[in-house]
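This report describes the pockets of the protein shown below.

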Amino acid sequence: MVNFNACVAGSPIAHSKSPDLHTAALAVLGIPGQYGSVELTENQLAGHIDAHPELVGMSCTMPLKTTLAHLAHERNWNIDPTVTATRVANTFVNTPTPSVYNTDVAGIVGALRTSATSAAIVGSGATATSALVALKELGTTSVDIYARNQQTRADLAQLAQSLGMDAAHAGLESINWDHDVIVSTLPTGVDLDVPKRLTATVLDVAYAHGSVGEKARDAGAEVISGLAMLVEQAVAQFIHFVAVTGRSLTSEEVQRVTVAMYGAVHLTPPITPPKGGSWSPSH
């Protein structure tokens, strides 16, 4: 049986919570192994993968997500539909023919756990693209995209339309907060004019003081921490990594892993299963 040996890679990486999450999952199931972290930039990624065949997998954070997707195409690896749709990958799995996934989609589906007819995405980067695909899985038919960069928000709106969604885009000064769900992918410190009363469910991908979620919570919105997304996408990664060792997790084991990971970041785990196609007992 292959030993569990995985890591998270990116730059900067010291702040990553992924080692805490995966170490908690290994502990709760009694699986021997290790999950570390490594500082890597884009031009170091391929070499690191080649130099470490003992890895069952790797979680990739910024700035490696686009690079990993490109590497998968160059080497004819197995490419999950989430990568095809979003053009980024955050998970390398060392199967006989390596595989790549974008588990951020499952992370957003799992964090929201609710259907939404209308939604808004604030921001237009890689995470915003994952949010769009996740919202499609959750049944969203209409989405507004708000971002400073006119080209990237227009590209995201075009992707939404290709997925069969009605889409419009505008600048941050024009945000319409009247939606079922609002996903903010903005970094901490961006000052938005949030209305005094807000009824939407807000997923704030940033999980730090000064983020959009703080203002939304003060306005009465149900705010979901970006840490929930982080946990849910890590659960999906962990299932893939464990499978390389020859072990297939049961739904009960997946639930135990989920609870352990939520506990590792001091969050209470949700009690309802998420909706959408990304999450299942095998994520």
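Ala 111, Glu 222, Ile 224, Ala 228 and Pro 270 lie nearest the centre of the second largest pocket, among the 16 residues that line it. The model is predicted: local features need pLDDT of at least 70 and side-chain atom pairs pLDDT 80 or more, while totals for chains, interfaces and linings use all residues. Residues are numbered from 1 along each chain as its sequence is written, and side-chain values use heavy atoms, without hydrogens and water.

A pocket is an open set of points, on a 1 Å grid over the protein atoms alone, where a 1.4 Å probe fits, with protein on both sides within 12 Å along at least five of seven lines; lining residues have an atom within 4 Å of a point.

Strand 12 (222-225) and helix 5 (104-112) each supply at least two lining residues of the second largest pocket, and strand 12 gives the most, 4 residues. Helices (H or I, at least four residues) and strands (E, at least two) are DSSP runs numbered from the N terminus.

The largest pocket has 37 lining residues, with Thr 61, Met 62, Lys 65, Thr 127 and Val 205 closest to its centre. Helix 9 provides the largest share of this lining, 5 residues. Because domain 1 (4-103 + 228-265) and domain 2 (106-226) both contribute lining residues, the largest pocket lies between them; the domain bounds come from an automatic or database assignment.
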